[in-house]
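My entries follow in the order in which I looked.

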Amino acid sequence: MLLGRHHSAQLLPESVEDAEHAFEKASLFDPDWAEPFASMAALHFHIASIGWRSTVEQLAAARAGASQALERDPSHAMAHAVMGAIRGVHDYDWGAAETHARTALSSGSLPIDRKSTRLNSSHRT
């Protein structure tokens, strides 16, 4: 899991596959643990935002990962942050985006980089 975080934090094209592999390995090690699924969802969301791969495919993967994390832990902050960003940016469902964002922010355990992602991507003009 830590190796996956290390590789995903680099946000380099060559590190993305290493991060994906590490998160997949962690999810197989403990299939009930929400963290690898949420981390993979965040990674796919960032890949979609940067445009390294198909946005449609990456957002679908991010949504699936966040959903899997929330099935395992309905209060998982990062999974709610990713889902909120997708619901706002992709679905234009501002009510759902706000609900997920409020849940993520109220946990107190959301990493600062995820807070800024959520705030930047669901900003309404």
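I took a nonpolar core to be a set of buried Ala, Val, Leu, Ile, Met, Phe, Trp, Tyr and Cys residues joined through side-chain atoms within 4.5 Å, where buried means under 20% relative accessible area, exposed over 50% and partly exposed in between (1.4 Å probe, protein chains only). The model is predicted, so I note that local features need pLDDT of at least 70 and side-chain atom pairs count only at pLDDT 80 or more, while totals for chains, interfaces and linings use all residues. Residues are numbered from 1 along each chain as its sequence is written, and side-chain values use heavy atoms, with hydrogens and water left out.

Entry on the cores. I found 18 residues in the largest nonpolar core, and those with the most contacts inside it are Phe45, Ala69, Val82 and Ile86. The elements giving two or more residues to this core are helix H3 (35-50), helix H4 (55-72) and helix H5 (77-89); helices here are DSSP runs (H or I, at least four residues) numbered from the N terminus. I also noted a second, separate core of eight residues, including Phe23, Met40, Leu43 and Ile47.

Entry on isoleucine 86. Leaving aside neighbours within four places in sequence, I listed Phe45, Leu59, Ala62, Arg63 and Asp91 as in contact with isoleucine 86, contact meaning heavy atoms within 4.5 Å.

Entry on two partly exposed positions. Serine 75 sits in the loop between H4 and H5, and I read its relative accessible area as 49%.
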